[in-house]
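Hello,

Here is the structure I promised to pass on to you. My notes on what turned up in it follow below.

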Amino acid sequence: MTRACFFYLGSLLALCLCWGAIGVTVAGAADLTPQQMLEQLSPAEKEALAKKYGVELPGEKGGAVTVNNPPVVKARPLENSEIEGEFKAPAAADEKLTLAKPVAVDSPVTKISGQAAAEALELRRGFADFVAESKALKVDTNLRQFGYELFAGTPSTFAPVTDVPVPAEYVLGPGDELKVQLFGKTNQQLAMIVDREGVIAFPEIGPLNVAGMSFAQARAYIAEQVKEKTIGVSVSITMGELRSIRVFALGEVSQPGSYLVSGLATLSQALFVSGGVKKIGSLRKIQLKRDGQLVTTIDLYDFLLKGDTSADVRLLPGDVVFVPPVGATVGVAGEVMRPAIYELRTEKSLGDLLTLAGGLRPTAFREKALIERVGENGIRSVQEVALQDAGLQTTLRNHDLIKIFSILDYEKNPVFLVGNVKRPSKYAWKEGMRLSSLVSGPDQLMPETYLDYALIEREAADNREPELVRFSLADLLNGKAEADLLLQPRDKVYIFHRSHFRQAPMVTISGQVQSPGSYELKRSMRLVDLLLSSGGLRKTADPSEAELYRTDPVSKEVSLSRYSLAAALAGVNDQNPLLQDSDRLVVHSIWETKQRFTVRALGEVNNPGSYELAAGMRVADLVFAAGNLTPRAYLKQAEITHFDIVNGEERVTRHESFDLTAALQGDAEANQLLAPYDVITVRTLSNWRGAESVTLAGEFKFPGTYPIEEGERLSSVIKRAGGFLPEAYLDAAFFTRESIRQDQQQQIDEMVRRLEREINLTQASIGRENPQSLALQRNQTELVAAQKILEAAKRVKATGRLVIQLSDVKALANSEFDLALRDGDVLRVPKRPEEVHIIGQVYNSSSQLYRPGDDRDDYIQRSGGLTNFADKGSIYVVRANGEVDPQKGWWRSREIHPGDVIVVPEKLDRFYAIESALDWSKVLMQVGVGVASMKTLGIL
């Protein structure tokens, strides 16, 4: 048996052994062999399964895999390298100034008190600001080595391809396939593979040796042989599947070794398949060796910078692609097109390096660049060069770092117009330029421009400090020559708004206007102008009188005057005074002088609440204002409550009954006038009840929701629903009531709270025990079991079930189970169930088909039997009607009926670690019964 067969059987065995571990479930798996089970999987499932357990699936043709389009794997992370890290040297002192740490609490500065301490603190802050703003020019030296990102995403395979044309110079070898089509006298298609001897077996012609020939030579040779040895036959020859060749990728590649690649693979593809070049490997001197001899050297920079792939030769079997260590490297940072670390080959000068980096950016500062260099003595030095003429001929050394800075944002010849003008902007300065060139007339100014004062901020010629030149804008606009000053480069001309020199006068209005607030005082502004500026009066405003508070500008005393807003709006001049700065007008509400009263309507009205008392308002008016009476209102008699003031000293409450029907019909005595704060109470009809209903679901002739009267019995509603259907299983009737559900849920919640509290206390006490004691380990195991029971108890929800025994309607009518119904009651009568449920400590909690004659133990046995934690003596059965059969005593029958739930509880000795006042048997019983109820309802 061949090695491939052994490998295939080993892979199949490994897959079969791990079959159960991966959780694969196949219908009828017990009747299938492992080989058949494996064959049922899809190719994707086979591949995922093999990958998970570290085995390989055999391919066709001895492991060769044909891939039309090589997939691309995830990007290979570019590792940090020593070369890249060396260029990240600490910043020089001229690039980053580090402030000293803050002065300690006990320093002399902090001991200075008063004005001296404040001045010292201000000095320190000023110096910190100075240092923060005095940073030297710097460039980003966080550089990457150029070109290595080419290998960030590498194809996972370079297997033979079938959709690429084969070049004429392709050299044939063992494994290549030739497709020959004969036509003419004979029409035939042949597929011939070059064997290990380099020969193809051509029918009727014999063996032909084609190894070592190019595809063009082999095609001509075969055509010639066919022409010589056959008559009337022409031939067409194409390439079929290409052979795979083995090459070596060695040196500084990510994964050096031997690789199987396509016969059309080139040197660059060998680099890709080996993971790419490391950052300590050269991109510029990659060698191709064949039979120990150097064939060619490839420079990948030609790929990246010129797009030249002419040196990317095709590989032959046994070729070696060798990557030597990286050569001299130089970094260039700053204002170049491609800041990076470059490997030098023939480049010697700074100009050559800039060519590699794509040239300078337009913003580069050409008069000065820095070369940071490590000398032969290991000392760093800095050299300045100009990026022009002789500076570009500067010879570079290994590990130089060239920093090219940006030009400054400084502009030589602008002038600026700033302030209250229509077109504030930057303008170009010209020789002989004057102020009138910027401000030629009033039409260039915004409203309320201050004309008496303007200024020019100018840089002094000797020390470049700012100085101010003042001028009169009014004189400039009037054409006075002394105001039309000459401008200098970088002058800033400021034109001001008049509010810069004095606070604008303001007046204020408040109260019952649309937009109260402060408004700017305009010339000749009067009271009505302010009133209209604020949006006018509100509907609740009192137009008869408003108050004007005026502040004397000298003494600051406040005087009060009153004016009629109605008269002012009507045009009466003496009621519409001129306003002054800081005047405040107050507009009052009409409700400040008029009292509002309310009355209330309570009880059976549609909109009970408080309502405004109107003049002449009576009882019927208030009832209609409250939305009229509800159907529950008692019409014969209502009550009105009065609040009387006795002698102006106390309030006395007085209740009075009246005929509500008569009041609504307009009877003068009953429909009495209302006084402030009166309260009308409309009573509810005696024994009024809302609509109540019950629900009948399941096997009834007419299931649904039925309204009920007070005291109506269960048998009555069942009779109204048409009685039971023949398929109804009365033993499993499920009757629920909301009040019972709430009580049950409250008990369950209380049990859960107590159990959780006891578990927490026990957990705290166990934590104080010796970690090495056996008792601690046992208690922890018991605690885990108790926590599982707690989680199960939290999931149990009360159903509100009331256990009843149903029979036919006639028998039910006089029985104890003929319940008086309440609103929300639900009765479900299912069909006869076909299953029996087994839950608890069995090996397979399940539902089984009911089998007549089988007892409790038969069902438990078919569920796998009892576990080691099962309490054999406490097994109980929850019957389909909700009753719990404890199954204890010799007289108890172990007979099982359809719909029953067999509950196998856990041993109580597993919970001795919990010293709780709870009865564990009761806890387990409630959990079991709760789960059984959900089984019966179909929730689980």
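Let me start with one side chain: Phe146 is buried, at a relative accessible area of 9%. Here "buried" means under 20% relative accessible area, "exposed" means over 50%, and "partly exposed" is in between, with a 1.4 Å probe and protein chains only.

Before going further, please keep in mind that this is a predicted model, in which local features need pLDDT of at least 70 and side-chain atom pairs count only at pLDDT 80 or more, while totals for chains, interfaces and linings use all residues. Residues are numbered from 1 along each chain as its sequence is written, and side-chain values use heavy atoms, with hydrogens and water left out.

**Aromatic rings around Phe146**

Two rings count as a pair if they belong to Phe, Tyr or Trp (its six-membered ring) and their centres lie within 6.5 Å; planes under 30 degrees apart are called stacked, over 60 edge-to-face, and the rest tilted. By this rule there are 6 aromatic pairs. One of them joins Phe146 and Tyr301 edge-to-face, at 5.3 Å centre to centre and 85° between the planes. Phe146 sits in the loop between α6 (114–133) and β1 (177–184) and Tyr301 in helix α9 (residues 300–306), so this pair ties together parts that are 155 residues apart in sequence. Helices (H or I, at least four residues) and strands (E, at least two) are DSSP runs, numbered from the N terminus.

Phe146 also pairs with Tyr342, this time tilted, with 5.0 Å centre to centre and 35° between the planes. Tyr342 belongs to strand β12 (residues 340–343), and the two partners are 196 residues apart. Tyr342 is buried, at 0% relative accessibility, and Tyr301 is buried as well. Phe146, Tyr301 and Tyr342 form one aromatic cluster.

**Nonpolar cores**

Tyr342 comes up again in the largest nonpolar core, which has 47 residues: Leu271, Ile286, Tyr342, Ile402 and Ile404 touch the most other members. Such a core is a set of buried Ala, Val, Leu, Ile, Met, Phe, Trp, Tyr and Cys residues joined through side-chain atoms within 4.5 Å. Helix α8 (residues 267–273) gives the most to this core, with 5 residues. A second, separate core holds 23 residues, including Leu172, Leu178, Val194 and Phe215.

What does Ile286 touch, leaving aside its neighbours within four places in sequence? Its contacts (heavy atoms within 4.5 Å) include Leu267, Leu271, Val277, Val321, Phe322 and Val323.

**Strands**

Two strands are said to pair if DSSP finds at least two bridges between them. Strand β10 (residues 320–323) runs parallel to β6 (residues 244–251), joined by 4 bridges, and pairs with β8 (residues 286–290) in the antiparallel sense over 3 bridges. Val321 in β10 stands opposite Ala249 and also opposite Leu288.

Strand β20 (residues 492–497) pairs with β16 (residues 414–419) in the parallel sense over 4 bridges, and with β18 in the antiparallel sense over 5 bridges. Leu417 stands opposite Val493, while Glu457 has Lys492 as its bridge partner.

**Two backbone angles to look at**

Most residues other than glycine have a negative phi. Glu448 has a positive phi of about 60°; it lies in the loop between β17 (425–428) and β18 (449–459) and is partly exposed, at 33%. Tyr677 has a positive phi of about 70°, lies in the loop between α15 (660–664) and β30, and is partly exposed, at 41%.

**Where to be careful**

The chain averages a pLDDT (the predictor's confidence in each residue, from 0 to 100) of 79, and 77% of the residues score at least 70. pLDDT stays under 50 over residues 1–36 and is below 50 over residues 58–75. Where pLDDT is low, the predicted coordinates should not be read in detail.

Best wishes
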